[in-house]
Amino acid sequence: RCMEREQAAADRLESYKRTAPERYHAESLDTYKATNEMQKHALNAARGFVHAAKCREFKSLVLIGSAGVGKTHLACAVIREYDGGKYRTASDIIEELRRAKSFTANETEGEIVSYYGRVPLLVIDEIGRGINAVDEKYMLYQVLNARYNSRRPTLLISNHSKADFLQYIGVAAADRLVESAEIVELKGDSY
């Protein structure tokens, strides 16, 4: 029985390593260094988000703010603490959707959106950094709408301010966050 638990823990860690960027493989919520009140609030919000997700509550968390303050660290730690989930950059998903339009594609756009709508926990990083804002806004709405309808926890990350982020994603996507999202802004020295 003990060996089964150890094997399950090892399997969860391997699953985490397949989705999280290598830079964050050894990181967790416990290794996050909260040096100011905003970072302490973000860490508490991340812990609360994990708890809510494990309890099957419909929640979203949006981490916004300057580069290098630990937003991605927190997001990857959430996946690790939750024991599963998927980390993707916005540009990765946009590229998947672009490739789906090819006649030789293995998946349709609808199948990709459906997949991201069903992932138990989804992190989308680097929102607003791509070169094609129209495609990104379309993707965000499609994925957020699918997750909203299936009531799945979602964590979004952007370097925009709160006002700029909400304007960037558009009214329809922002509407999907109103019911479930906590927006946490981080500022500080580069992590």
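A residue is called buried here when its relative accessible area is under 20%, exposed when that area is over 50%, and partly exposed in between, as found with a 1.4 Å probe on protein chains only. The structure is a predicted model, in which local features need pLDDT of at least 70 and side-chain atom pairs count only at pLDDT 80 or more, while totals for chains, interfaces and linings use all residues. Residues are numbered from 1 along each chain as its sequence is written, and side-chain values use heavy atoms, with hydrogens and water left out.

Helices (H or I, at least four residues) and strands (E, at least two) are DSSP runs numbered from the N terminus. In helix α5 (residues 109–118), the buried residues are Glu109, Ile112, Val113, Tyr116 and Gly117. Seen down the axis of α5, these residues fall within an arc of 140°, so they line one face of the helix; the arc is that of the directions from the helix axis to the C-beta atoms. An α-helix has 3.6 residues a turn, so residues three or four places apart point the same way. The buried residues of α5 pack against β2 (86–89), α4 (90–99), β3 and α6, where contact means heavy atoms within 4.5 Å.

Most residues other than glycine have a negative phi.

A pocket is an open set of points, on a 1 Å grid over the protein atoms alone, where a 1.4 Å probe fits and with protein on both sides within 12 Å along at least five of seven lines; its lining residues have an atom within 4 Å of a point. The largest pocket holds about 180 Å³ of space, a volume being the space filled by probe spheres set on the grid points, which are joined across faces, edges and corners. Its lining has 16 residues, of which Tyr24, Gly68, Gly70, Lys71 and Thr72 lie nearest the centre. Helix α3 (71–82), β3 (122–127) and β4 each supply at least two lining residues, and α3 gives the most, with three. By type, the lining divides into five nonpolar, six polar and five charged residues.

Zero disulfides are found in a search of the whole structure, a disulfide being a pair of cysteine sulfur atoms within 2.5 Å. Cys76 is buried, with a relative accessible area of 0%, whereas Cys55 counts as partly exposed at 44% relative accessibility.

Terms used:
Ala, Val, Leu, Ile, Met, Phe, Trp, Tyr, Cys and Pro count as nonpolar, Asp, Glu, Lys and Arg as charged, and the others, Gly among them, as polar.
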